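Thanks for coming. I will take a few minutes to walk through one model, strand by strand. Please look at the display first.

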Amino acid sequence: KVGFVVSAIGRMSQVPLGSRHITYDAIEGVIQQLEQTHATLTYVFVGQWNDHPPMAGGELDEFAHRLREYDGLLMLAQPGVSHAILPAIRASERPCVSLYWELTDQGVPSVFYDRTHAVRLAADHLAACGYRDIGFIGPSVENDGRNPAKLTIFTEALKRHNLSLSKKHTWFTQIDSVREQVTRCLEQNKKSLPEAFFVATDIEAMETISVFREHGVDVPGDV
């Protein structure tokens, strides 16, 4: 019985436990591995934010008690959040592995997401499918927050296949206003969409697919 500890950030805090949602999709491979061993995974939402002080007192005891329900723990949280809940994880005396998108000190054994390799795999896949007119939906280089930016990685990866990114269909978005930005870009370009898009994150991809379908664009039939 595995507890998956995630910080309740934004819409994730509104998602019912056990449902398929952004976090589930992000760790699809992990869950498939667990199912092979007949393990069960349950979400454990924690309300801490990135600048929250370490848990202490009754809050620590209560959360540690919740964690003792499980044989082991997975954790997906920003470093500030993970360090805030680390005292409770240690008090629970349960083994824990952290999952994160970059290699940081989480205070427990960690597995990190190699974003550069992942973006290259996406470019390789689209090229292998035969697509030549490919767009990008996600943050600009300046707003990515990480170096190298996914836009830079994806552009360079396409060059390996003698492809170039469609400038017309490079739609810049921000995580908190994806729906509005994609809707505006789609309405302006609906008659000349590319064959495929690379979308920078799971959340933005889900919003994009939702907006496209609402506007009569079939995914993956049309794009």
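**The β7-β6-β8 sheet and its surroundings**

I start with an open sheet of three strands, in the order β7-β6-β8, with parallel pairing. Strands and helices here are DSSP runs, E of at least two residues for strands and H or I of at least four for helices, numbered from the N terminus; two strands pair if DSSP finds at least two bridges between them. At the edges stand β7 (170-172) and β8 (196-199), each with a single partner strand, so one side of each has no neighbour in the sheet. On average, neighbouring strands of this sheet are turned by 15° against each other, direction ignored. Axes are lines fitted to C-alpha atoms, for helices over the stretch in contact, and angles run from 0 to 180 degrees between N-to-C directions.

Before going further, the ground rules. This is a predicted model, in which local features need pLDDT of at least 70 and side-chain atom pairs count only at pLDDT 80 or more, while totals for chains, interfaces and linings use all residues. Residues are numbered from 1 along each chain as its sequence is written, and side-chain values use heavy atoms, with hydrogens and water left out.

Now β6. Strand β6 (residues 134-138) pairs with β7 in the parallel sense over three bridges, and with β8, also parallel, over four bridges. F136 stands opposite T170 in β7 and opposite F198 in β8. The bridge partner of I137 in β7 is W171.

How many of the five residues of β6 are buried? Five of the five are, so β6 is largely enclosed by the rest of the structure. Buried means under 20% relative accessible area, exposed over 50%, and partly exposed in between, with a 1.4 Å probe and protein chains only. Both faces are covered, with I134, F136 and G138 buried on one side and G135 and I137 on the other.

Next, the helices around this sheet. Helix α6 (residues 150-159) lies across β6, β7 and β8, at about 165° to β6; contact means heavy atoms within 4.5 Å. Together, β6, α6 and β7 make a right-handed β-α-β unit. Right-handed means that, with the strands pointing away from the viewer, the path from the first strand over the helix to the second runs clockwise.

Helix α5 (residues 115-128) lies across β6 and β8, running at about 175° to β8. T116 lies in α5 and touches P148 and I153, leaving aside residues up to four places away in sequence.

In helix α7 (residues 178-189), the buried residues include V182, C185 and L186. Their cover includes β6, β7 and α8 (202-214).

That leaves β4. Four of the five residues of strand β4 (residues 96-100) are buried, so β4 is largely enclosed by the rest of the structure. Strand β3 (residues 72-76) pairs with β4 in parallel over four bridges, and M75 stands opposite S98. The chain passes from β3 through helix α4 (residues 79-92) to β4 in a right-handed β-α-β crossover. Strand β5 (residues 110-112) also runs parallel to β4, joined by three bridges, with V111 opposite L99.

Last, the cysteines. C96 is buried, at 9% relative accessibility, whereas C129 is partly exposed at 41%. Taking a disulfide as a pair of cysteine sulfur atoms within 2.5 Å, the count is zero.
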